[in-house]
Amino acid sequence: MANNRQLFLQHLAQTSPTPMSLEIVRGEGMYLYDPSGKAYMDMIAGIGVSVLGHCHPAVSQAIKDQVDLYMHTLVYGEFILSPQVKLAEWLHQHLPDSLQQTYFVNSGSEATEGAMKLAKRYTGRQEIISARYAYHGSTQGAASLMNPTTFTSAFQPLLPRINHIDYNNFADLTKITTQTAAVIVETVQGEAGVKKPVEGYLQALRKRCDETGTLLVLDEIQAGCGRTGSLWAFEQYGIVPDILLLAKALGGGMPIGAFISSREIMQCLTHDPVLGHITTFGGHPVNCAAALANLQTIEALDLIRDVPAKAALFKELLVHPGILDFRQAGLLMAVELAGFEQVLAVVDYCLKQGLITDWFLFNEQSLRLAPPLIITHDQIKDACKVILDGIQKTTA
Ligand SMILES: Cc1ncc(COP(=O)(O)O)c(C=O)c1O
């Protein structure tokens with residue numbers, strides 16, 4: 001009889017020629033476990049998802065409770081479903097007043113798609129601008145925003161009327177005009193290898209959008225929910241977006257995304273045409289219940305307050321001649337090495353030592369670290385030791 005590894009290779013669509021092929025049977029806290037019982041410390045949190053670690057009891061319990069009440073109904077827009085209402089209210093209570101209404105979807109890509117449609121519909125304009133080296137998702141609309149086109153040129157034609165600016169380039173802001181429906185940027189660029197906005201950039205972007213009547217969409221799908229040291233990364237830059245995108249960490253391990261805007265903007269999805277954006281599963285009650293428990297637990301444990309000290313410990317420990325640069329926005333971190341081959345060798349070494357790391361789409365010379373926020377100081381020390389050993393063994 002075929003084992004799971006063989007079945008995985010035979011029957012699951014692959015996305016790379018050399019999958020990691022790590023079989024997981026259980027997760028708890030910072031650790032994932034393989035069938036032999038070997039523990040792997042998760043330093044990427046399922047790409048920025050599991051901020052509370054794996055199977056946090058509060059999230060698991062909320063899921064079980066909701067499963068026993070009801071699961072799927074007519075999920076979106078018609079019925080009043082308590083898990084959705086409570087989650088949307090929590091979000092509003094923790095956001096600036098203008099971000100008042102939430103549209104729940106299933107993923108980050110869908111949040112991007114919804115925001116692109118909403119901006120076009122609200123402004124009546126067609127052009128959308130995004131920043132180079134950004135990642136907003138893999139569906140065709142979201143993928144149209146991607147530049148360079150390494151990952152998208154095989155899938156042309158994508159959407160027309162998409163233009164690009166360089167992130168952190170003030171001169172490029174003049175490309176935003178009264179023809180531009182929306183500018184979509186990540187508050188902190190993730191897949192570019194953790195690139196933060198320089199002093200004054202987001203404020204200047206906000207100002208240019210105001211001058212041209214363009215909607216500013218901030219993608220916090222990776223940077224939101226506490227990862228950068230504040231609940232929302234934009235809080236650190238003194239600006240408020242017109243539309244905020246969330247997903248990944250929002251659901252505490254369950255699939256949910258959201259685009260959030262003002263009542264005035266969001267209302268235009270109700271008419272001309274009616275059903276401006278619809279979804280069968282978006283805002284699924286079980287996922288909303290999980291998301292609310294996740295956010296309430298992050299708050300109750302005061303986890304975000306500890307992010308700066310934990311981030312500082314990583315910075316203090318990750319010192320080695322082989323580390324060419326170290327960039328971080330809270331616990332979203334990039335360790336720059338000599339090149340992709342070394343990154344792959346370190347990822348491989350760490351995996352053998354029971355530590356899960358990864359690389360970035362648009363910064364292949366950097367090692368990705370984005371652990372659950374529950375990581376302890378001792379676990380940070382253990383993880384850094386393994387990473388440094390890996391770098392030492394692979395530095396020429
Ligand atoms: C900043 C950002 N936006 C959007 C997405 C797409 O999210 P999803 O994979 O849930 O569609 C990602 C995923 O990595 C992301 O990092």
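Modeller: A pocket is here an open set of grid points where a 1.4 Å probe fits, with protein on both sides within 12 Å along at least five of seven lines. In this predicted model, the second largest pocket has a volume of about 860 Å³. Its lining counts 31 residues, and those closest to the centre are Y76, G77, E78, T102 and Y103. Two or more lining residues come from each of the elements α4 (82-93), β4 (101-105) and α8.

Together with V274 and I278, L275 makes a nonpolar surface patch of about 310 Å². L275 counts as exposed because its relative accessible area is 52%, where exposed means over 50%. In the loop between α8 and α9 lies D272, whose phi is positive, near 50 degrees, although D272 is not a glycine. D272 is exposed, with a relative accessible area of 61%.

Another non-glycine residue with a positive phi is K248, at about 40 degrees. K248 belongs to the loop between β9 (243-246) and β10 (257-261), and is partly exposed at 25% relative accessible area. Most residues other than glycine have a negative phi, and most peptide bonds are trans.

Cis peptide bonds are found as well: one joins N147 and P148, with omega about 10 degrees, and one runs from Q156 to P157, with omega near 0 degrees. P148 is placed in the loop between α6 (140-144) and β6 (162-165), and P157 is in the loop between α6 and β6.

How values were computed:
Residues are numbered from 1 along each chain as its sequence is written. This is a predicted model: local features need pLDDT of at least 70, side-chain atom pairs count only at pLDDT 80 or more; totals for chains, interfaces and linings use all residues. Side-chain values use heavy atoms; hydrogens and water are left out. Patches are made of residues with over 30% relative accessible area and no salt bridge: like charges are joined within 9 Å, nonpolar side chains (Val, Leu, Ile, Met, Phe, Trp, Tyr) within 5 Å. Accessible areas come from the Shrake-Rupley method with a 1.4 Å probe; for residues, only the protein chains shown count as cover. A salt bridge is a side-chain nitrogen of Lys or Arg within 4 Å of a carboxyl oxygen of Asp or Glu. Buried means under 20% relative accessible area, exposed over 50%, partly exposed in between (1.4 Å probe, protein chains only). On a 1 Å grid over the protein atoms alone, a cavity is a set of points where a 1.4 Å probe fits but cannot get out, and a pocket is an open set with protein on both sides within 12 Å along at least five of seven lines; lining residues have an atom within 4 Å of a point. Grid points are joined across faces, edges and corners, and a volume is the space filled by probe spheres set on the points. Helices (H or I, at least four residues) and strands (E, at least two) are DSSP runs, numbered from the N terminus.
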